[in-house]
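Welcome! Here is a short tour of a protein model, starting with its terms and then moving from surface to sheet to core.

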Amino acid sequence: MRLISVSDYSALSTAAADLIAAQILLKPACVLGLATGSSPVGAYRELVKLHQAGRLSFSRVTTFNLDEYRGLPDDHPQSYHTFMNQNLFRAVDLPSGAAHLLDGMDPDAARQCAGYEAAIHAAGGIDLQLLGMGHNGHIGFNEPADFFPLDTHCVDLTPSTRQANQRFFPSLDDVPRQAYTMGIRTILSARRILILVHGADKAEILKTAFYGPVTPQVPASILQLHSDVTLVADEAALSAL
Ligand code: GLP
């Protein structure tokens, strides 16, 4: 694992955007795996700036998002479709058909998940997967468990994840109870992985995930076994090391 230690969230965002931009410049027709949450928002803002300055084009890029709430329509204000449109897609020149997200309204989980895996495969696999990490070590919506879920699947969200995400919804009851998410094998199949962690509240889980044993109880710990992982973390998130 490569560790890029930065001072704060702003520096983390610039470093992450530079790494993603470098991927696109090196391979304009690349496949990006994208994430939601607060961790990548600043990086997306920096990528938009690079695009607006005429220095970066997404015209040949294909994207696959990690996860989506089950039961929320695409245009719901808290869907990850909406998040991606607001934070990146509508501000760059990514062709509309090139952005792939799981369909949270598909009642047929098996069809939805198998179709997503097939689409990633047909696109040639993911070149660079961007990740954040939950407070319990989840990546995507792969929650702590007794085993690593392999492929894209439907998951029951844990109470702690629902509570963490409650800030975006009117009440806890409004937070969806399930999500579709890429599995651990889907994520580890990416050629390169870029994970962003910031803030003192992630310091303990960062230490556990990257310097503790590999265990499905801490899903991000599996990243220790991938051959090309870059962790960009700020001083606060690294403070427990
Ligand atoms: C959410 C998302 C994850 C994200 C994580 C961390 O539950 N499903 O993909 O990485 O939480 O979010 P944040 O970056 O806001 O801490």
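Buried means under 20% relative accessible area, exposed over 50%, and partly exposed in between (1.4 Å probe, protein chains only). Leu3 is partly exposed, at a relative accessible area of 36%. This is a predicted model, in which local features need pLDDT of at least 70, side-chain atom pairs count only at pLDDT 80 or more, and totals for chains, interfaces and linings use all residues. Residues are numbered from 1 along each chain as its sequence is written, and side-chain values use heavy atoms, leaving out hydrogens and water.

Now to the sheet. Leu3 sits in strand β1 (residues 2–6); strands (E, at least two residues) and helices (H or I, at least four) are DSSP runs numbered from the N terminus. Seven strands make an open sheet with parallel pairing, ordered β1-β10-β9-β6-β2-β3-β5. Two strands pair if DSSP finds at least two bridges between them. β1 and β5 (99–100) stand at the edges with a single partner strand each, so one side of each has no neighbour in the sheet. Five bridges join β1 to the parallel β10 (residues 229–234), where Asp234 is the bridge partner of Val6.

Next come the nonpolar cores, sets of buried Ala, Val, Leu, Ile, Met, Phe, Trp, Tyr and Cys residues joined through side-chain atoms within 4.5 Å.

| Core | Size | Some members |
|---|---|---|
| Largest nonpolar core | 42 residues | Leu47, Phe58, Leu88 |
| Another core, apart from it | 33 residues | among them Val31, Cys113, Ile184, Ala237 |

In the largest core, Leu47, Phe58 and Leu88 touch the most other members.
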